[in-house]
2 protein chains.
Amino acid sequence: MFKIQISSRFTIAIHIIVCIDYFHEQFTITSDFLAASVKVNPVIIRRIILQLKSVGMINITRGRSGMTLAKPLDKITLYDVYSAVDCVNGSLFHFHENPNPDCPVGKNIHNALDESLAEIQRTFEDKLRSITLRDVAEKIKL
Amino acid sequence: MFKIQISSRFTIAIHIIVCIDYFHEQFTITSDFLAASVKVNPVIIRRIILQLKSVGMINITRGRSGMTLAKPLDKITLYDVYSAVDCVNGSLFHFHENPNPDCPVGKNIHNALDESLAEIQRTFEDKLRSITLRDVAEKIKL
DNA sequence: CCTTCCTGTAATAATTTTTGTTACAAGAGG
DNA sequence: CCTCTTGTAACAAAAATTATTACAGGAAGG
C-alpha cells in the first residue's frame, strides 16, 4: 500500500563495488560495463560512482583507464556505502512539521519522541556497520 | 540531497494516540480536534485512525461519541504503530529490479544480499518493539 | 423521527522524490 | 590528435506523499 523504501541507489552501489572487485583483473571497468550488469542507464551508474569516489572508496579517471577499488572489501561496511549514496545527515523519520504549539501535546511531541527515534536510527546504522562488503562478495563467489 | 524518510504518518499516528490518552477525560476527541493539534487536514487524520482502528488500537464510532483507546499505552509499541500505518509487508530496502542474469554478479547479488538486508530490518523492527507509547506519553507530561 | 454531528470514503490535485534519458564539454591516454 | 570515457547539466517520466473538496451514511440527542 505504501512504499517507504531506501533508494535502490544503495543496492546498486553495493552491486558496483562487488563487480569492480570481481572483474577488475579480467576487464576494464567502465560505467557502461557496470550498467550492463546492473541493467540501468550508465548515467545512473556515474552519479553513484562519483559519490563513492568522493568518500575515497574507489578511484576513477577519465579515458580508458577504468575504475578500481581504493580500499579492501573488508574495510568497507554497508554503512559506509549507505552514507555515501544517501546522505543520512537527517533523520530516518519524517516528522510532521507544524504541530500546534498551543496544545500541550503538540508543543512537546517533538522533544518526547526525538530521543527515541534517534536511538532507533543509531541501532539501525550500527547494524549496517557490522556487515562488510567482503561478507557480501563471499556469498557471490560460492 | 536525498530524502529517504519514513512517512510522517508514523509520527502523526503516535501524536494521535498520545492525544487521545492525554485529553480523553477533558474533551470529546474527533478528527477535527486531532487535526488542530497535529495541524494537518482532518482527512489525513481519519485515514490514519482507520488504520489504527483496524488493528484494534482505538475505538471509533460515527456521530458525537468521540474516539477512545482500546489498549493501555504500555501494550502499544512503536512497532505496532509503525506496522499499522505503513504496511511493512515488504523490504525496507528497494532492490534494483533487473540485474543481468548473464553476469555472475548480477545473477547472485540478490541472494548474496537478501539475508543481510533482512537481518538489518529485523534489528530495526526489534528496536521499535522495545519502546512503548507509555514511554513517549510520560515524556509529554513532564 | 428528524436534525446535527462526525466518520468513512472516493476523487482529485498539488508537491515532492525517484528514476531514467539525451547531450555534450573536457580530461586521459594511445 | 583521435578515441574513449568521465563529469555534469538539463530535462522528462514515473512514482509516492501529502493535501483538499465533497458527500453518503451511521450514531446520538432532542
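Helices here are DSSP runs (H or I, at least four residues), numbered from the N terminus. This is a predicted model, in which local features need pLDDT of at least 70, side-chain atom pairs count only at pLDDT 80 or more, and totals for chains, interfaces and linings use all residues. Residues are numbered from 1 along each chain as its sequence is written, while chains are lettered from A and ligands numbered from 1 in the order in which they are written.

## The buried side of α2(B)

Which residues of α2(B) are buried? They are L34(B), S37(B) and V38(B), where buried means that 20 or more other C-beta atoms, placed from the backbone, lie within 10 Å of the residue's own. These residues cover an arc of only 90° around the axis, so they lie on the same side of α2(B); the arc is that of the directions from the helix axis to the C-beta atoms. The buried residues pack against α5 (104–129) of chain A, together with α1 and α3 of chain B.

## Where the chains meet

The contact takes 50 residues from chain B and 50 residues from chain A, with contact meaning C-beta atoms, placed from the backbone, within 7 Å. On the side of chain B that touches chain A, α5(B) gives the most, with 13 residues.

## Around DNA strand D

Let's turn to the DNA. Of the 29 residues around DNA strand D (C-beta atom, placed from the backbone, within 6 Å), T30(A), S31(A), S7(B), V43(B) and G63(B) come nearest. α3(A) gives the most to this surface, with six residues.

Key: Helix = DSSP H or I, 4+ residues; strand = E, 2+ residues; numbered from the N terminus. Contact = placed C-beta atoms within 7 Å. Buried ≥ 20, exposed ≤ 12 C-beta atoms within 10 Å, placed from the backbone.
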